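Here is a short briefing to read alongside the model.

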Amino acid sequence: MWGGSLPIDAASYIKRQADDDLYKSLKAREFCYILNSRQAGKSSLRVQTIERLKIQDYACATIDITAITSQNITPEKWYAGVAHKLASSFEVKLNFRTWWSNQSHLSPVQRLNKFIAEVLLTEVSQSIAIFIDEIDNILTLNFDTDDFFGLIRECYEQRTKKLEYNRLNFAVFGVASPLGLIQDEGRSPFAIGRAIELSGFQLDEAAPLAQGLVGKVANPRAVLQEILQWTGGQPFLTQKLCQLICDAMPEQSVEEVVRVQILDNWELQDQPDHLRPIRDRLLFNPYLLELHEQILQQGEIIFDGREELLQLWLSGLVSKHDGKLRVYNRIYREVFGQSWMNEQVRPVGIGESLS
């Protein structure tokens with residue numbers, strides 16, 4: 001089924017510019033962040049990049065924020081979870097529970113800092129790449145997490161004083177904006193990092209997907225082009241529609257498959273969830289509805305970096321082109337078009353009172 005990361009050897013994995021950008025930036029010792037909408041291919045990009053780095057003798061680990069975050073978790077247990085994940089991933093030789101307890105005179109973030117400096121960088125002699133996935137789940141914690149991001153930035157600032165920190169790199173993945181993740185801009189690693197753009201599939205990039213259509217359709221490349229005209233290259237939708245075409249009756253056109261298996265009664269057919277989360281983000285924030293209606297009426301709006309526009313982009317509904325936001329693809333325009341908008345309660349205008 002679709003969704004999640006593809007296996008490392010998946011023939012359907014599509015290499016994009018982001019693959020080389022992330023790999024080369026990490027090799028250049030830059031802090032990288034890939035913040036994008038759901039199902040844009042972030043997890044698969046991470047898996048592929050880790051494999052490429054391991055071939056270059058990098059030691060890599062992934063911290064899934066979801067896996068170490070739970071309701072009402074304390075700062076001590078959360079930071080211990082981060083450090084324990086690093087200890088197990090890099091197979092460091094120490095009794096972690098004893099080591100952590102012996103640092104009880106320090107705050108949780110200080111303990112993690114000490115673990116990195118005195119254990120990780122001592123035990124692991126290779127270049128290190130730490131991938132932090134699902135970073136948006138950090139927003140569910142009930143304590144201030146600016147210290148965590150401040151620690152990441154401090155690791156980069158230590159490079160001028162301690163050479164071993166030059167071996168340490170971080171990459172952050174998630175559905176969030178830098179402004180939404182940290183309040184103290186002076187401690188933000190995003191201010192010194194590189195944003196990796198993750199765009200949709202272009203026809204030449206997606207050419208390997210045509211191989212999966214061989215024997216299913218008469219002209220695989222032409223069908224793939226028509227698929228992209230519907231999906232705009234959105235990774236999840238493109239992979240899904242390719243599979244639906246493979247499973248369809250020979251006489252069915254791409255448009256028939258889209259209308260029957262995606263658009264008709266879409267709320268019931270949306271498996272796995274893809275369109276419903278977009279709908280929920282729009283309905284949760286009336287400002288996003290207002291912005292979306294502007295795009296429907298004008299075709300596009302200027303992307304000026306406002307947080308509301310970032311949130312609309314993170315919904316996945318729109319894509320960025322030449323500094324402007326447009327509805328990502330034809331499927332989204334059909335589902336969330338003016339007819340759908342007319343069915344919703346009139347959105348609150350930007351600047352109007354919500355009371």
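This is a predicted model: local features need pLDDT of at least 70, side-chain atom pairs count only at pLDDT 80 or more; totals for chains, interfaces and linings use all residues.

Residues are numbered from 1 along each chain as its sequence is written, and side-chain values use heavy atoms, with hydrogens and water left out.

**Salt bridges across the structure**

- Searching the whole structure turns up 18 salt bridges (a side-chain nitrogen of Lys or Arg within 4 Å of a carboxyl oxygen of Asp or Glu).
- Helices and strands are named here from DSSP runs (H or I, at least four residues, for helices; E, at least two, for strands), numbered from the N terminus.

**R111 and E76**

- R111 pairs with E76 in a salt bridge whose closest N and O atoms are 3.4 Å apart.
- Because R111 sits in helix α6 (residues 108-123) and E76 in helix α4 (residues 75-89), the pair ties together parts that are 35 residues apart in sequence.
- R111 is buried at 4% relative accessible area, whereas E76 is partly exposed at 39% (buried is under 20%, exposed over 50%, partly exposed in between, with a 1.4 Å probe and protein chains only).

**K320 and E197**

- A salt bridge joins the side chains of K320 and E197, at 3.9 Å from N to O.
- This pair links distant parts of the chain, 123 residues apart: K320 is in strand β7 (residues 318-321), and E197 is in the loop between β5 (194-195) and α9 (207-211).
- K320 is partly exposed, at 29% relative accessibility, and E197 is partly exposed at 48%.

- The side chains of R279 and E267 form a salt bridge at 2.7 Å, N to O.
- R279 belongs to helix α14 (residues 275-284) and E267 to helix α13 (residues 266-269), 12 residues apart.
- R279 counts as buried at 16%, while E267 is partly exposed at 40%.

**Helices α11 and α12**

- Helix α11 (residues 235-247) and helix α12 (residues 254-263) have axes that come within 10 Å and cross at roughly 105° (axes are lines fitted to C-alpha atoms, for helices over the stretch in contact, and angles run from 0 to 180 degrees between N-to-C directions).
- That makes α11 roughly perpendicular to α12, a label for angles of 65 to 115 degrees.
- L241, L244 and I245 of α11 meet V254, V257, V258, Q261 and I262 of α12, where contact means heavy atoms within 4.5 Å.
- By class, the contact residues are seven nonpolar, one polar and no charged (nonpolar: Ala, Val, Leu, Ile, Met, Phe, Trp, Tyr, Cys and Pro; charged: Asp, Glu, Lys and Arg; polar: the others, Gly among them).

Technical notes
Angles under 35 degrees count as roughly parallel, over 145 as roughly antiparallel, 65 to 115 as roughly perpendicular and the rest as oblique.
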